[in-house]
Amino acid sequence: MRFFRAILFLIMCSAATSTVAQTKAELEARRKEIQKEIASINSILVSTQEREKSLLEEVEDLQLQIKSTEKLIRVYNQEANLITQNIDKNTLKIDRLRTDLEQLKTDYALMIKQSYRSKNKQNRIMFLLSSASFFQAYKRLQYMKQYANYRKQQGIEIQEKTIQLQQLNEQLFVQRQNKEAILAENRKAKVKLVDKKANLDQLIKQIKLEEKNYQNELERKQKAIAKIDQEIERLIKEAIARENAIAGSKSSTRFKLTPEAKALADNFADNKGKLPWPVVSGIVSTRFGKHRHPIVKTAMIESNGVRIDTEVNSNARAIFEGTVSQINKIPGANIAVMIRHGDYISVYNNLAEVFVEPGDKVFRNQDIGRVGINSSSGKTTLFFQLFKNLNKLNPEVWIYKM
């Protein structure tokens, strides 16, 4: 019975270890992802250190750093909790193994003692010869063999459990070291977070003293964004009318699709939520849609797409296969490249240099141009938008983990 309980215990431990290992791997991957994000943010901010920033820009930069640091601290806490759970499980296993080992040693010592008492070869022979029948003698011989094998098996089991106990103790030592390392990193992150939040509070107090001026600044920026968005919409409408005229349609609001274009559009739609980022690495500084400014509550921010801050000299890349529909110079936003995917259009705006031409076939993740500097922030920023015909789409829903 004890044998079956031991087997069941080992199976349960094995299953638990598998689940824990997977969770540990997921947390490590998440931590590395956030650390990469923080490194990217720091690199982007370093590139604009020499430029004089407004208080609002400083607040936005600090908020990005605080948000990513808070995410990192949450993962550190999750990792520390997981290690604590593993330590508790291993401690329990060690206690059980020690109890089993002590019982095995006690049983083994008793067997050795009994075996020593009956070690006399003559006693064993007499035990066999005193049998009432041949069948009984055979059974006694088998018993003696089984007893010897059992004693040998007990010795092996003691050795195995001793090794297992040593391995668990080593694991426990490593786990405690890992936990201390995680907690040390967590403490460092928390110190940085406290400093950044203190700086943020000071900046917000300064902004509140001149809130009207900052509201006017945000309104000027919003007008510039709206002007760029309107120009993009106008160019898309012209492109629809121009390409439909070739296909024999008078519509200026919806593309007339060939069977090939419809298949491409369907394939694009099937990849919703799985499309790659239009830059290798970056952070979203302006999100899609209309919302209140997080600091100046009286100001509204509205965007037809997202703005992605990236590192200097980064390239924009196509999010899906398609055809370059048009390339235009946009006042206040450098150059815009529009790629058609059936009746979907992806727009890559604020490019300083372009690597493609109208009519070019492009493939997923192909570099199409070098991202330019945002004149208002001094950062390397891609203005990215998605449309289905003239309908604005939220890129955050379509791009993987945006």
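These legends describe views of a predicted model of one protein chain.

**View 1. The whole chain and its secondary structure.** Seven helices and twelve strands make up the secondary structure elements of the chain. Of its 402 residues, 39% are buried. The chain exposes about 23600 Å², and carbon and sulfur atoms supply 54% of that area. Among contacts with a separation of 6 or more, 73% join residues 24 or more positions apart in the chain.

View 2. Helix α5 covers residues 211-247, which is 37 residues. How far apart are the end C-alpha atoms of helix α5? They are 53 Å apart.

**View 3. An aromatic cluster.** Which residues form one aromatic cluster? Phe268, Phe320, Tyr344 and Trp398 do. The count of aromatic pairs in the chain comes to five, where two rings pair if their centres lie within 6.5 Å.

**View 4. Arg307 over Phe383.** In this view a charged end sits over an aromatic ring. The charged end belongs to Arg307, and the ring to Phe383. The distance from the charged end of Arg307 to the centre of the Phe383 ring is 3.6 Å.

**View 5. Arg340 over Phe255.** Here the ring is that of Phe255, and the charged end of Arg340 sits over it. The charged end of Arg340 is 3.9 Å from the centre of the Phe255 ring.

Note on methods:
Residues numbered from 1 in each chain as written. Predicted model: local features only at pLDDT ≥ 70, side-chain atom pairs only at ≥ 80, totals over all residues. Heavy atoms only, no water. Helix = DSSP H or I, 4+ residues; strand = E, 2+ residues; numbered from the N terminus. Buried < 20%, exposed > 50% of the residue type's maximum accessible area, 1.4 Å probe, protein only. Contact = heavy atoms within 4.5 Å. Areas by Shrake-Rupley, 256 points an atom, 1.4 Å probe, with all protein chains shown as cover. Phe/Tyr/Trp six-rings, centres within 6.5 Å; stacked < 30°, edge-to-face > 60°. Lys NZ or Arg CZ within 6 Å of the ring centre and 35° of its normal. Expected span 1.5 Å × (residues − 1).
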